[in-house]
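This briefing is meant for a reader who is coming to the structure for the first time. Please look over the sequence and the model before reading on.

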Amino acid sequence: MTQYQKPLPEPSSLTQPFWDGVKQHKLLVQKCSSCSKLRHTPKPLCPHCLSQEFTWAPLSGQGQLYSYTVMHRSPAPSFDGDLPYVVALVELKEGIRMISNLVHCPLDKVRVGMPVKVVYEDVTKEASIFKFAPA
Amino acid sequence: MSEALKKAAIVGVYQSVQARQLNRTPEDLYIEVVKGALQDAGLTIKDVDGIVGANPLQTEGEGRGIPGSVFAEYFGTHMRYAGQGLTATQADAMGMLHAIEAVNTGRAHTVLVATAAARSGFGVPGGDSGQGVSGDQWLSPFGLPRVGYYGIFARRHMHEYGTTSAQLARVAVNDRKHALLNPAAIMHSRGPLTVEDVVNSRMIYDPLHLFDCSPVNQGGGAIVVTTAERARSLKHRPVHVLGFAESYSAVDIFHLPTITSFDGPGGMSGKEAFAMAGVSHSDINVAQISDHFTINPIIELEDLGFCKKGEGGPFVESGAVELGGKMPMNTNGGYLSHSHAGGPGIYDIIELVRQLRGEAGARQVPNARIGLHHGVGATFISAQTAILARD
Ligand SMILES: [Zn+2]
């Protein structure tokens, strides 16, 4: 088996729970204990009320394609074989947006607004990546 | 115009040769642009008591010194002020705003803003490329370089407003048309570009084609800001900054409520700069609007209020921003056809100063009195506006 060559997430202590969640095939984001608003990417305080108390809440994984680009220039040799590939800005049902790849979708079927759902790829023994596919 | 804002003036501008590859050291290039801008102003290094931004002089003896002290040691003079630049290479238009503030408040008398990119430019080996993937956990695993954000911005703008590839292309076509009139532009000898050329060039970050993207190149530039009082006895007609403002929104695209604007709620920096300057849109004779990618000026013209939100494409297509149109934009050829080296906003300020002095040769906007610069750093979402006027 060839080794996975693409960059793996390098979590900080603050973002480790998010990536641990991905490993368990969950999308966990911070939920403010004071105003209940969700936020992503992880921060030590809530930008809405500045509370520093939070819990980790799972997202549905359902959303829509808010925008995207099709990459025709590779940013690193490890992506060369994937060209052209879709980088998606996904808006989840809960209002959180995330950058990821749209997979399992022919390029001519990609549309802004299309429904998508999260899928997980266990790329190494230690790390998993979240991606999106047509719902 | 408020008299207080007339305390500072831009009195010297200079740019080096701009090219794909200069085979110069960043230090050498920096020294050239510093000397060049001072010579243009008719000032000497002894007049300078402030700088803005980092400088490549620090490469000698890695990490030894901070910009102000290194500059003082190299040029044999004392500094009273060292303003922070955006990044190591980006002592650009935003840097100029800080220089103006320093002079307006009396913190410094004469301030240099210089940028020199001979090594750490986009795509240069060992440099900070922005086209590759770094250790960013939210982008790198998905193969998105930060500049790829512009494809995502463009796609959403097309979706919301029906903006077309041909409209995007028109930005590059206009820039090239202007570059053909500017011997300093790196694309000066490349001949005209058509909309067909752009939309038929190979795709890079779909919907952005090769000619929708700025080139990777090297070069430097500098400006000198001093007091209006001192400016009166210098070589050139001074250029004042009537209004200026900045806005900062987020680091990443997914934190923005909308991705069809770069400049805060309702075009924040533009509104503030116009209000400070006390001028209206129809007063602007010439504009330099950042165009790292063709989608940018379309969004920026909307943010600035030169057209309604969503109408940037048709506005550009109308010819309004070409030489001969009602507000010529990027008369030097823009980042797309003139230069994209270092903190390219410096070339926007240099071009406006030349237009306002009446020194722009074949590309001169007749009787240009007031010019506007708007710049974005849309990969770290921020914007700035500056409105300049001749004395
Ligand atoms: Zn809160």
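How many residue pairs are in polar contact between chain A and chain B? In this predicted model, the count between the two chains is 17 residue pairs in polar contact, with both residues of a pair at pLDDT 80 or more, whereas the count of salt bridges between chain A and chain B is 0.

**Extent of the contact**

- The contact draws on 36 residues from chain A and 34 residues from chain B, and together the two chains bury about 2,900 Å², of which 62% lies on carbon and sulfur atoms.
- Of the area that chain A buries against chain B, 21% is supplied by A:Arg73, A:Arg97 and A:Ile99, which is more than any other three residues supply.

**The side of chain A that touches chain B**

- At least two residues of this side come from each of α1 (16-23), β4 (62-71), β5 (85-92), β6 (97-102) and β8 (129-134) of chain A.
- The element that gives the most to this side is β4(A), with 6 residues.
- Sorted by class, the side of chain A that touches chain B holds 23 nonpolar, 9 polar and 4 charged residues.

**Strand pairing between the chains**

- Besides giving the most residues to the side of chain A that touches chain B, β4(A) pairs in the antiparallel sense with strand β5 (residues 203-206) of chain B, over 2 bridges.
- A:Met71 has B:Tyr205, in β5(B), as its bridge partner.

How values were computed. Residues are numbered from 1 along each chain as its sequence is written. Chains are lettered from A and ligands numbered from 1 in the order in which they are written. This is a predicted model: local features need pLDDT of at least 70, side-chain atom pairs count only at pLDDT 80 or more; totals for chains, interfaces and linings use all residues. Side-chain values use heavy atoms; hydrogens and water are left out. Contact means heavy atoms within 4.5 Å. Buried area is the accessible area (1.4 Å probe) that two parts lose on being put together, summed over both. A salt bridge is a side-chain nitrogen of Lys or Arg within 4 Å of a carboxyl oxygen of Asp or Glu. A polar contact is a pair of N or O atoms within 3.5 Å; within protein, one must be able to donate a hydrogen and the other to accept it, and residues adjacent in sequence count only if both atoms are side-chain atoms. Helices (H or I, at least four residues) and strands (E, at least two) are DSSP runs, numbered from the N terminus. Ala, Val, Leu, Ile, Met, Phe, Trp, Tyr, Cys and Pro count as nonpolar, Asp, Glu, Lys and Arg as charged, and the others, Gly among them, as polar. Two strands pair if DSSP finds at least two bridges between them.
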